[in-house]
Amino acid sequence: MSVNEKEFRPHPNDRHNLLCYLSSMLITFFGFYGFTYLVTWLTIEKTGDPQLLGNVMAMTMLPAIGLNLVAGRVLKYYSAKQMMFITDILTGILFIGAYYALNTVSWQITCLVIVAVLNKSIGVFYKLSNKTILPDLFAPVNIQIVNGYQTQIRQLAIVSATMLVTMALLWVTPATLILIMGIAFLVSAGLDWQFRTRSNLSSDSVVTVKLDRHRSWPTWSLLYAVLGYLVDATIAVAVPWLVVSKLHSHWPLSWFLTANATGILLAPLLLKRWSKQSLLTLTAFTGGCLLLMWPTFASLMITMFLIGALRGQINISFFTTIQQIPTNNRNILMTGVLTVIDTTTVIGSLLAPRLILMLGSWTLPLLGGGILLFCLTRLIILLNNQKQSSSDIDENC
């Protein structure tokens, strides 16, 4: 049975939840990315050792892969709303404790590393809860819109957190800034607690759809997401390498990253008419953009913006697809999805340098060609299946 989106009706609580949810996201994203930059700045400022910074960043990522599986099981016993509230409370307490520790201990860098690892570990549970809770807060027709807002807020935080932290450090100490972040997370927890979930709605206001057993796991959607995160990981390594080795400069990198961030930020607006485009189509266009990524300023500037817009829309569409799947075990489904995504990011980060050593400037165009070929093959198969189905129907008639 197919369900038309027009049959869904927004619940009156959606507007209240939107205000609380987006305000909580604003605090959380700015706090997370601001703290990450602060750790980066302090590590370089205190030690001047980029290798140590790399080790710190690696240490903060390691817990995420294993904890994704743990977080999925924990959500069996706590609701996503409770988990978001608890994680924001724990982060606030962690940062407030870090403020007092940094003012009393001499081993500040070690203290920051411990706080960064714990913050990332708590963030795993928050991220899973955040992605799981949307169907309980909003009507199905509103989920994609909320995902768009979330993408914009996240990108705004990434772009501006560095500037805000840098300016704040002119007036306050790093420890005081961490204290302010801790208090802000406690405010975010208060907003989480005000969520009005849809679990208590009457049965006639919720549309229940039974999916076929073979469609319960979004295999192809997940595969397109994997390709996208491989692209992200490869670009993160390849573009800085191209800037240094081919353009023989450093300053264009900030322009390229800004163009990419702007594309992601504007994705819900620029691709509004494309919101119904399939993940297959969006992934194919991403591959086409990679074909044009040659080491010239104009080429990289334009393609980084376009890929940012496409990747932003892909993420919105992908998570909306996952969140709208009717299932009683959404936490388990989302756990598997996030585990695959995080693992893909790690694998991509490890493989990208090897690809660059083998392929050089051809790395991104060849990757794009492979993705485009895969998408075209998939499209041909789908068209053949549709023709076969049509011919079967005609014969039965």
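## Basis of the model

The model is predicted; local features need pLDDT of at least 70, side-chain atom pairs count only at pLDDT 80 or more, and totals for chains, interfaces and linings use all residues. Residues are numbered from 1 along each chain as its sequence is written, and side-chain values use heavy atoms, with hydrogens and water left out.

## Overall architecture

The chain contains twelve helices and zero strands, where helices (H or I, at least four residues) and strands (E, at least two) are DSSP runs numbered from the N terminus. Of its 397 residues, 45% are buried, that is, under 20% relative accessible area with a 1.4 Å probe and protein chains only.

Contact means heavy atoms within 4.5 Å. Among contacts between residues at least 6 apart in sequence, 85% join residues at least 24 apart. The chain exposes about 20600 Å², and carbon and sulfur atoms supply 66% of this area, by the Shrake-Rupley method with a 1.4 Å probe.

## Helices H7 and H11

The axes of H7 (residues 219-245) and H11 (residues 330-359) come within 8 Å and cross at roughly 35 degrees. Axes are lines fitted to C-alpha atoms, for helices over the stretch in contact, with angles from 0 to 180 degrees between N-to-C directions. The crossing of H7 and H11 is right-handed, meaning that the near helix is turned clockwise from the far one by less than a right angle.

Contributors to the contact include Tyr229 and Trp241 of H7, and Gly348 and Pro353 of H11. By class, the contact of H7 with H11 has 14 nonpolar, five polar and no charged residues; Ala, Val, Leu, Ile, Met, Phe, Trp, Tyr, Cys and Pro count as nonpolar, Asp, Glu, Lys and Arg as charged, and the others, Gly among them, as polar.

For H8 (residues 251-270) and H10 (residues 297-323), the axes come within 7 Å and cross at roughly 35 degrees. This crossing of H8 and H10 is right-handed, and its contact comprises 19 nonpolar, six polar and no charged residues.

Met304 lies in H10 and counts as buried because its relative accessibility is 2%. Beyond its neighbours within four places in sequence, Met304 is in contact with Ile235, Val239, Phe256, Leu257, Ala259, Asn260 and Met293. The C-alpha atoms of Met304 and Thr262 are separated by 9.4 Å, although these residues are 42 apart along the chain.

Technical notes. Buried means under 20% relative accessible area, exposed over 50%, partly exposed in between (1.4 Å probe, protein chains only).
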